[in-house]
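Below is a set of questions and answers on one protein model, written for reading beside its sequence and coordinates.

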Amino acid sequence: DDLNYVEAPTWSDLEEVVDDLVENKADNVFEIVGLDTADEMIKLAKEEVKRLHRKAKGTTVEFNACFGGYGVPRDKVNELIDDVLARLRKAGYGIVIIGHTAIRNIKEKNGDEYQQLTSNLNSDYDGIFANKADIVMTIAVEKDIDENKHISGTTRYMWFRTDGFVDAGGRFDTMPEKVEYGARNYIEAVEEGIRKAMKTPISDEELAK
């Protein structure tokens, strides 16, 4: 409720929205910009890289062959997204990026294998967002199993620190591992993490600031 939203079906549309937000920051009341979703943003950036290749080289090729390939197309996706996030951050907006999850089979160098609930993006693309984020929070539903092995209910949790299966983390390792889903619980978990991370105790007034 009460969200202001704009659809951006192309990278050009997204940049137009960002231009408007950055140039008119003093004239609006927005504090937070949400990007929905990370994987859609990757798709738009890939199409933009293909467009830029056509413009520069005069040929139409698959994404992985753009600008000679060998990782260059992926680097250009990173640059495009970096620029958008940096401009929004520099203008003074908080940024929330929504993503999807998937259960992946992880294999360690020593041969150990396990499953993890993590981003549905591959590690290269996930890193574009996760490596810049102060908080990577993952929502997961846990089933309540009774003594007869029946599901008696479910609870949705927000994970702030990994337990080995759910992938999560951030700059504040003093945040709780998980809390039940909800906006107020999220805010309180972040405040708790910041307060505990301070070397010297701070007042409620200082925390609010």
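Q: How many helices and how many strands are there in the protein?
A: In this predicted model, secondary structure is assigned as runs along the chain, with helices needing at least four residues and strands at least two. On that basis the protein has six helices and nine strands.

Q: What box do the C-alpha atoms of the protein fill, taken along the principal axes?
A: The protein has 209 residues, of which 27% are buried. Taken along the principal axes, the box filled by the C-alpha atoms is roughly 65 × 50 × 35 Å.

Q: Which helices are tied together by the pair Arg74 and Asp124?
A: Arg74 is partly exposed at 35% relative accessibility, and Asp124 is likewise partly exposed, with a relative accessible area of 41%. Because the two residues lie in separate helices, the pair ties together parts that are 50 residues apart in sequence, namely helix α3 (residues 72-91) and helix α4 (residues 123-130).

Q: Which strands are tied together by the pair Glu142 and Lys178?
A: Glu142 forms a salt bridge with Lys178, and the closest N and O atoms are 3.0 Å apart. The pair ties together parts that are 36 residues apart in sequence, so the answer lies in where each partner sits: strand β6 (residues 138-145) for Glu142 and strand β9 (residues 178-180) for Lys178.

Q: Is Lys196 buried or exposed?
A: Lys196 forms a salt bridge with Glu192, with the closest N and O atoms 2.8 Å apart, and both residues lie in helix α5 (residues 183-197), four residues apart, which is about one turn of the helix. Glu192 has 31% relative accessibility and counts as partly exposed. The cut-off for exposed is over 50% relative accessible area, and because Lys196 has 53% relative accessibility, it counts as exposed.

Q: Which helix gives the largest share of the lining of the second largest pocket?
A: The second largest pocket holds about 220 Å³ of space, and its lining includes Ile187, Val190, Glu191 and Ile194. Helices α5 and α6 (204-208) each supply at least two residues of this lining. The largest share, four residues, comes from α5.

Q: How many nonpolar, polar and charged residues does the lining of the second largest pocket have?
A: Among the lining residues are Ile135, Phe172, Leu207 and Ala208, together with Glu191 and Lys209. Ile, Phe, Leu and Ala count as nonpolar, whereas Glu and Lys count as charged. By class, the whole lining has seven nonpolar, no polar and two charged residues.

Q: Which residues form a nonpolar patch on the surface?
A: A residue joins such a patch when it has over 30% relative accessible area and no salt bridge. Val96, in strand β2 (residues 94-98), has a relative accessible area of 41% and is partly exposed. The patch has about 260 Å² of accessible area together, and its members are Ile32, Val96 and Ile98.

Key: Residues numbered from 1 in each chain as written. Predicted model: local features only at pLDDT ≥ 70, side-chain atom pairs only at ≥ 80, totals over all residues. Heavy atoms only, no water. Patch = residues over 30% accessible without salt bridge, like charges linked within 9 Å, V, L, I, M, F, W, Y side chains within 5 Å. Areas by Shrake-Rupley, 256 points an atom, 1.4 Å probe, with all protein chains shown as cover. Salt bridge = Lys/Arg side-chain N within 4 Å of Asp/Glu carboxyl O. Buried < 20%, exposed > 50% of the residue type's maximum accessible area, 1.4 Å probe, protein only. 1 Å grid on protein atoms, 1.4 Å probe; cavity = no way out; pocket = protein on both sides within 12 Å on 5 of 7 lines; lining within 4 Å. Points joined across faces, edges and corners; volume = space filled by probe spheres on them.
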